[in-house]
Amino acid sequence: MSAASAPLTVRRFAPGETAALRTIRREALAIEPAAFGSSLVEEWDMAEEQVEAWIDDNLIIGAFAGREAVAMAGLRRLRRHKVRHRAELWGVYVRRAWRGTGTADRLMEVLLELCDRDIRQVELNVVEGHSAALAFYRRHGFRESGRIPNATVTEGGYADEIVMTRWLD
């Protein structure tokens, strides 16, 4: 199904959709390995029960063309009492054929609409040099709030991560 002709539904991954989540997540880690803190090797053999737990414990949404996930994003709420107003955005990925179609914008809008109302701050990390990701997050109201030096191991050594936050009104 082509990006131009397919109707798109953005919604939460449902219990039982582990195969769809696993497929899009593996693709993300294979195609954009430098963009994620995890690796394909680490997640390849993840048990179905672990993927189900991910779906249960996080707000994970997908953009679906029919039954096929073409994009994903996750939000993990911090659990401790003093930081429960914060959540971490992770795993944002859009298939190449769907980039530039507004899919990422819809994903972000729906994710923020679906998050718990008492979440006041969303945080994320972007590996330095990912200018498209930085521009996307800035466009959605995220601002740089810090930097973690040498945060990620890359093929070329180490890369800093830029910490970004957005306060939700």
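**From a loop to the helix packing**

Modeller: Happy to! Let's start at R120, which sits in the loop that links α4 and β5. Please keep in mind that this is a predicted model. R120 counts as partly exposed, because its relative accessibility is 25%. Setting aside neighbours within four places in sequence, R120 touches H85, R166, W167, L168 and D169. Take D169 from that list: 49 residues separate D169 from R120 along the chain, yet their C-alpha atoms are 7.2 Å apart.

The largest nonpolar core is built from 31 residues, and I61, L75, L89, V122, Y137, F142 and M164 have the most contacts inside it. At least two residues of this core come from each of β2 (59–65), β3 (68–77), β4 (86–94), α4 (103–114), β5 (121–127), α5 (131–139) and β7 (157–167). The helix α4 gives the largest share, 5 residues.

Beyond its neighbours within four places in sequence, M164 is in contact with V122, E123, L124, V126, L134, Y137, R138, F142, R143, E144 and S145.

L21 brings us to α1, where the buried residues are T18, L21, R22, I24, R25, E27, A28 and L29. Among the elements that cover these buried residues are α2 (40–44), α3, β2, β3 and β4. As for its dimensions, α1 has 14 residues and spans 20 Å between its first and last C-alpha, close to the 20 Å expected at 1.5 Å a residue.

Now for how α1 packs on α3. In general, a pair of packed helices is described by the angle and the distance between their axes. Here the axes of α1 (residues 18–31) and α3 (residues 48–57) come within 10 Å and cross at roughly 90 degrees. Angles of 65 to 115 degrees count as roughly perpendicular, so α1 is roughly perpendicular to α3. On the α1 side, T18, L21, R22 and R25 take part, and they meet E48, V51, E52, W54 and I55 of α3. By type, the residues of this contact are 4 nonpolar, 1 polar and 4 charged.

Definitions and conventions: Residues numbered from 1 in each chain as written. Predicted model: local features only at pLDDT ≥ 70, side-chain atom pairs only at ≥ 80, totals over all residues. Heavy atoms only, no water. Axes fitted to C-alpha atoms, helices over the stretch in contact; angles between N-to-C directions. Helix = DSSP H or I, 4+ residues; strand = E, 2+ residues; numbered from the N terminus. Parallel < 35°, antiparallel > 145°, perpendicular 65-115°, else oblique. Contact = heavy atoms within 4.5 Å. Nonpolar A, V, L, I, M, F, W, Y, C, P; charged D, E, K, R; others polar. Core = buried A, V, L, I, M, F, W, Y, C linked by side-chain atoms within 4.5 Å. Buried < 20%, exposed > 50% of the residue type's maximum accessible area, 1.4 Å probe, protein only. Expected span 1.5 Å × (residues − 1).
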